[in-house]
Amino acid sequence: MVLPRAGGAAGWSQPALAALSQVLRLERSRRTGVMFPLQRLERHLAPGVDTARFRLFQPGLAALQRAEGLFRSGRHHPIEYVSSAVRMDHAPPPGPPEVCFIGRSNVGKSSLIRALFALSPEVEVRVSKTPGHTKKMNFFKVGKYFTLVDMPGYGYRAPQDFVEMVEAYLQERHSLKRTFLLVDGVVGLQKTDHIAVEMLEEFGIPYVMVLTKIDRASRGLLLKNVLEIQEFVKEKTQGCFPQLFLVSSLEFSGVHLLRCFVAHVTGNLPAAEAAESTGS
């Protein structure tokens, strides 16, 4: 769950590699691994493997920097917790474009949201060691540009009314632009993830899969999971964006790219940058 930090920014220090300026100081190979972790796996693929889906969203530096600015709060650009809700009639009225993050309990959702907001010291992300800590839908307004919604985890320790809460949100929230479905990069797709995919497909909700905890997976295991999930997306889904996003909330790998994709799907990149980013 993400909540405003009590006591403001006193004593705050920015995590390493949270900002692009820090990443750009790295040597080239490591810089690529942090900014585009999926591309770093390409060199280890067997000859002839199609890598087109590794580079569908490949923004330039200007787009990455613009997206970072959206996630950096300021006097005229507050990033703030709005409210929590267990039913849609408790949710704040629709406003700016929205994105929501869902996934299995203990998939690392709160850790990822903390990494996304790492440049905004007044926003604190509380990461519990107990799976299923988030029990409500939590709404966070990012200036006037978009709203990010932290959804409860499904599967183990899911709230009793999870299905009613989440299905109602997905079907009724017209401001929702993209759902980010988080999958554990170490264990790959699980049965409960397949149920979530079926729900998104049934409702016709556009979504994207994000593989978390990639720092915990060996290169071989990660590559195996990536190829299997990409094949699943290609053969079994209609509404899923064809490219996977790989992230490590600990090392900030993929976090900058994910910020940029959020900016893109919420309409907050200039048309020229968005076209460059998607290769269209």
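## Ground rules

The model is predicted, so local features need pLDDT of at least 70 and side-chain atom pairs count only at pLDDT 80 or more, while totals for chains, interfaces and linings use all residues. Residues are numbered from 1 along each chain as its sequence is written, and side-chain values use heavy atoms, with hydrogens and water left out.

## The whole protein

Of its 280 residues, 54% are buried, where buried means under 20% relative accessible area, exposed means over 50%, and partly exposed lies in between (1.4 Å probe, protein chains only).

Among contacts (heavy atoms within 4.5 Å) with a separation of 6 or more, 76% join residues 24 or more positions apart. The accessible surface is about 12800 Å², and 50% of this belongs to carbon and sulfur atoms. Such areas come from the Shrake-Rupley method with a 1.4 Å probe; for residues, only the protein chains shown count as cover.

## The largest cavity

The structure holds 1 cavity of 30 Å³ or more. A cavity is a set of points, on a 1 Å grid over the protein atoms alone, where a 1.4 Å probe fits but cannot get out; lining residues have an atom within 4 Å of a point. The largest cavity contains about 70 Å³ of space, a volume being the space filled by probe spheres set on the points, which are joined across faces, edges and corners.

Its lining includes Phe36, Phe54, Gln243 and Leu257. Helix H3 (37-40) and strand S9 (245-246) each supply at least two lining residues, and H3 gives the most, with 3. By class, the lining has 8 nonpolar, 3 polar and no charged residues. Here Ala, Val, Leu, Ile, Met, Phe, Trp, Tyr, Cys and Pro count as nonpolar, Asp, Glu, Lys and Arg as charged, and the others, Gly among them, as polar.

## Two residues to look at

Find Pro97 in the loop between strand S2 (79-85) and strand S3 (98-103). Pro97 counts as partly exposed because its relative accessibility is 22%.

His256 sits in helix H9 (residues 255-265) and is buried, with a relative accessible area of 3%. Beyond residues up to four places away in sequence, its contacts include Leu17, Val34 and Glu68.

Conventions
Helix = DSSP H or I, 4+ residues; strand = E, 2+ residues; numbered from the N terminus. 1 Å grid on protein atoms, 1.4 Å probe; cavity = no way out; pocket = protein on both sides within 12 Å on 5 of 7 lines; lining within 4 Å.
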